[in-house]
Amino acid sequence: MTSQEATGLDAARLASVISPLRRTLLAAARAAEHLPEIPDAQIEIIRALPRGTVAAPGELAERLRLSRSTVSNLLTAMEADGLVERRPRPGSNRHVDVVATAKALDLFDRFDLASGNLVARAVATLPEGDRAALAAAVPALERLRDALTQTKDVP
């Protein structure tokens, strides 16, 4: 018996829907709000720096499972675009903390609002059964995201 037969889930089909769905939503939200294109890796850094938080570059690298040099290069580009600031850590001349700028947080607020509105409008066009299935699927999709995050190191 295959895992699909055991669970009733076509994992390959689900995976083939998620990626294009994400790209479509991202493009539609960018267009709706006239947002600039920000690379995915930079988006992950900003998501790791919610309003009012700071983190050291090494902490970001560890949290996002990226090399320190990759994070350093991303931060340099993001700082040039006004998306993050590197500030000397209080009491240390050798360490810095990173914070998302008001510009970055505003872009994300606009993106999240546009994304939510686009999904709500699209869902409203679906039959009631599909709307109920999507509502019921959200917690499972959150758990799937978390499970995938925890298994990044598994070959």
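User: Helices are DSSP runs (H or I) of at least four residues, numbered from the N terminus. With that in hand, in which helix is leucine 148 found?

Analyst: Keep in mind that this is a predicted model. Helix 7 covers residues 128-150, and that stretch takes in leucine 148. So, counting DSSP runs from the N terminus, leucine 148 is found in helix 7.

User: Does leucine 148 count as buried or exposed?

Analyst: The cut-off for exposed is over 50% relative accessible area. Leucine 148 comes out at 51% relative accessibility. That means leucine 148 counts as exposed.

User: Okay, over to helix 2. How far does helix 2 reach from its first C-alpha to its last?

Analyst: Helix 2 runs over residues 11-33, which gives it 23 residues. At 1.5 Å a residue, the expected reach is 33 Å. The reach in the model is close to that, at 33 Å.

User: Which residues in helix 2 are buried?

Analyst: Buried means under 20% relative accessible area. What covers the buried residues of helix 2 includes helix 3 (40-47) and helix 6 (102-124). The residues of helix 2 that are buried are Leu26, Ala29 and Arg30.

User: Which residue takes a positive phi just after helix 2?

Analyst: Helix 2 covers residues 11-33. Just after it comes a residue with a positive phi of about 55°, and that is histidine 34.

User: What does leucine 75 touch, not counting residues up to four places away in sequence?

Analyst: Leucine 75 is among the core residues with the most contacts inside the core. Setting aside residues up to four places away in sequence, leucine 75 touches Ile45, Pro57, Leu60, Val84, Arg86 and Val98.

User: Is glutamine 42 buried or exposed?

Analyst: Glutamine 42 has its place in helix 3. Leaving aside neighbours within four places in sequence, glutamine 42 is in contact with Leu74, Ala77, Met78 and Leu83. Its relative accessible area is 7%, and the cut-off is under 20%, so glutamine 42 is buried.

User: How many salt bridges does the structure hold?

Analyst: One of them joins the side chains of arginine 145 and aspartate 146 (3.1 Å, N to O). There's also a network of salt bridges linking Glu33, Asp106 and Arg110. The structure holds 12 salt bridges.

User: How many residues apart in sequence are the parts tied together by aspartate 40 and arginine 22?

Analyst: The side chains of aspartate 40 and arginine 22 meet in a salt bridge (2.8 Å, N to O). Aspartate 40 lies in helix 3 and arginine 22 in helix 2, so this pair ties together parts whose separation in sequence is 18 residues.

User: And how many residues apart are the parts tied together by aspartate 109 and arginine 51?

Analyst: The side chains of aspartate 109 and arginine 51 meet in a salt bridge (2.6 Å, N to O). Aspartate 109 lies in helix 6 and arginine 51 in the loop between helix 3 and helix 4, so the parts tied together have a separation in sequence of 58 residues.

User: Last one: what separates the C-alpha atoms of glutamate 44 and leucine 60?

Analyst: Glutamate 44 lies in helix 3 and counts as partly exposed at 41% relative accessibility. Glutamate 44 and leucine 60 are 16 residues apart along the chain. Their C-alpha atoms are separated by 9.5 Å.

Note on methods. Residues are numbered from 1 along each chain as its sequence is written. This is a predicted model: local features need pLDDT of at least 70, side-chain atom pairs count only at pLDDT 80 or more; totals for chains, interfaces and linings use all residues. Side-chain values use heavy atoms; hydrogens and water are left out. Helices (H or I, at least four residues) and strands (E, at least two) are DSSP runs, numbered from the N terminus. The expected span of a helix is 1.5 Å times one less than its number of residues. Buried means under 20% relative accessible area, exposed over 50%, partly exposed in between (1.4 Å probe, protein chains only). Contact means heavy atoms within 4.5 Å. A nonpolar core is a set of buried Ala, Val, Leu, Ile, Met, Phe, Trp, Tyr and Cys residues joined through side-chain atoms within 4.5 Å. A salt bridge is a side-chain nitrogen of Lys or Arg within 4 Å of a carboxyl oxygen of Asp or Glu.
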